[in-house]
Amino acid sequence: MKLFKTIISKLGQGLAKTRDTFVSGLRSVLLGRKLDEELILEIERRLLQADVGVQATTKLIDSIRADHRSGKLTKGEDVLEHLKRELKAMWPPADRELRMAPAGTRPTVILVTGVNGAGKTTSIAKLCHTFRSQGKAVMLGACDTFRAGAVRQLEIWAERLGVEVVKGQQGGDPAAVAFDACTAAKARGADILILDTAGRLQTQDPLMRQLTKIRSVIGRQIEGGPHETLLVLDATAGQNALRQAQEFDKATGLTGIFLSKLDGTAKGGIVVAIKEATSIPVKFIGVGETPEDVQPFDPDAFVEAMFSEPDAG
Ligand SMILES: Nc1nc2c(ncn2[C@@H]2O[C@H](COP(=O)(O)OP(=O)(O)O)[C@@H](O)[C@H]2O)c(=O)[nH]1
Ligand SMILES: [Mg+2]
């Protein structure tokens, strides 16, 4: 219970923007009002502004209209509870656990992809920190050989977190680094190997093919690898994030999304839009710039945090 509360309040801080602009605004509009068509249109407008997306907003508004017509929903303030319930129901129990190598075998290989600046390297530090605190032996692979300084950035995190990095030449073949990293992880008996990659746009065909090559190199080295191919998505990217998720999935077969930067200016509704746009589960959310600022994505806790009173927690 205490843990749950801590998670909600931490998440709550991250979602301050959504809560302040969306929920607080909605609450003040709804309080003391009778539900009518004008109010429903106002709710619709606010859902769209919160990045919930057209598809999910239409569903939510249809459900409000249906309950309004049948007389179940008559007061403005009851809409908040209705929305909470409907939102939570959007995520059926799904597999949001990380896929690991079968028991007794290692390492588990996690390939991390995304566009430039999405938060890949920072998110890797967060995953590394999480695994380390579970007592797991982690190694990193610096497959971002493209950008000057990328390897160094990963090394700095690795030094702080006390893990080893496998790296290659700048400008070298990232698949070769992936190969070396897999070999080293096997030799050292690492539990988890996390591979950083260069930022790429979903429209850059050669770079997307390079990801495919990295994946097959991993697969030949480590049976079943990569076990996870995570897309790091910047939550502030709005509708563009949805396109990235769809295109990266087509090109590389994603197993999960790490949604970064949900603190700051992000609007929490993007999580709902992602759910509607793709079947790839959000597995983690990033709520700050330090290795501790990560949470497993839990729909119920997320919706609660989104709708919590600003001064709660
Ligand atoms: N506020 C916030 N900033 C983040 C988060 N994740 C990453 N960043 C910042 O985003 C910027 C780009 O991150 P980086 O990991 O270098 O992105 P990469 O190019 O995808 O590897 C850095 O300034 C990070 O500190 C997050 O969850 N919240
Ligand atoms: Mg990076």
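Entry 1: I began with Asp51, which sits in the loop between α3 (37-49) and α4. For the labels: helices (H or I, at least four residues) and strands (E, at least two) are DSSP runs, numbered from the N terminus. Most residues other than glycine have a negative phi, and most peptide bonds are trans. Is Asp51 buried or exposed? I found that Asp51 is buried, with 26 other C-beta atoms within 10 Å. My cut-offs: 20 or more other C-beta atoms within 10 Å of a residue's own make it buried, 12 or fewer make it exposed, and anything in between is partly exposed, with C-beta atoms placed from the backbone.

**Entry 2: ground rules.** I noted that this is a predicted model, where local features need pLDDT of at least 70, side-chain atom pairs count only at pLDDT 80 or more, and totals for chains, interfaces and linings use all residues. Residues are numbered from 1 along each chain as its sequence is written, while chains are lettered from A and ligands numbered from 1 in the order in which they are written.

Entry 3: I placed Lys261 in the loop between β6 and α11, and it is buried, with 25 other C-beta atoms within 10 Å. Then I looked up cis peptide bonds. One runs from Arg106 to Pro107, with omega near 5 degrees, and Pro107 is in the loop between α5 and β1. Another runs from Gly225 to Pro226, with omega near -5 degrees; Pro226 lies in the loop between α9 (205-221) and β5.

**Entry 4: the sheet.** In what order do the strands of the open sheet come? I read off β3-β2-β4-β1-β5-β6-β7-β8, 8 strands with mixed pairing. I count two strands as paired if DSSP finds at least two bridges between them. β3 (164-166) and β8 (294-296) stand at the edges with a single partner strand each, so one side of each is left without a neighbour in the sheet. The twist averages 25 degrees from one strand to the next. Axes here are lines fitted to C-alpha atoms, for helices over the stretch in contact, and angles run from 0 to 180 degrees between N-to-C directions.

I also checked one pair by itself. β2 (138-143) and β4 (192-197) are parallel over 6 bridges, and Met139 has Leu193 in β4 as its bridge partner.

Entry 5: β5 and β6 run parallel, joined by 5 bridges, with Asp234 opposite Ser260 in β6. From β5 the chain crosses through α10 to β6, a right-handed β-α-β crossover. Right-handed means that, with the strands pointing away from the viewer, the path from the first strand over the helix to the second runs clockwise. In β6, 5 of 5 residues are buried: Gly256, Phe258 and Ser260 on one side, Ile257 and Leu259 on the other.

Next, β6 and β7 are parallel too, with 3 bridges, and Phe258 stands opposite Phe284 in β7. β6, α11 (270-277) and β7 make a right-handed β-α-β unit. All 5 of the 5 residues of β7 are buried, so β7 is largely enclosed by the rest of the structure. β7 and β8 are antiparallel over 3 bridges, and Gly286 pairs with Val294 in β8.

**Entry 6: helices.** In α11, 6 of the 8 residues are buried, so it is largely enclosed by the rest of the structure. The buried residues of α11 pack against α4, α5, α10, β6, β7 and α12; contact means C-beta atoms, placed from the backbone, within 7 Å. α8 (174-188) lies across β1, β2, β3 and β4, at about 165 degrees to β2.

**Entry 7: ligand 1.** Which residues come nearest to ligand 1? Of the 19 around it, they are Gly119, Lys120, Thr121, Thr122 and Gly286. I call a residue near if its C-beta atom, placed from the backbone, lies within 6 Å. The largest share of the shell, 3 residues, comes from α6.

Terms used:
Contact = placed C-beta atoms within 7 Å.
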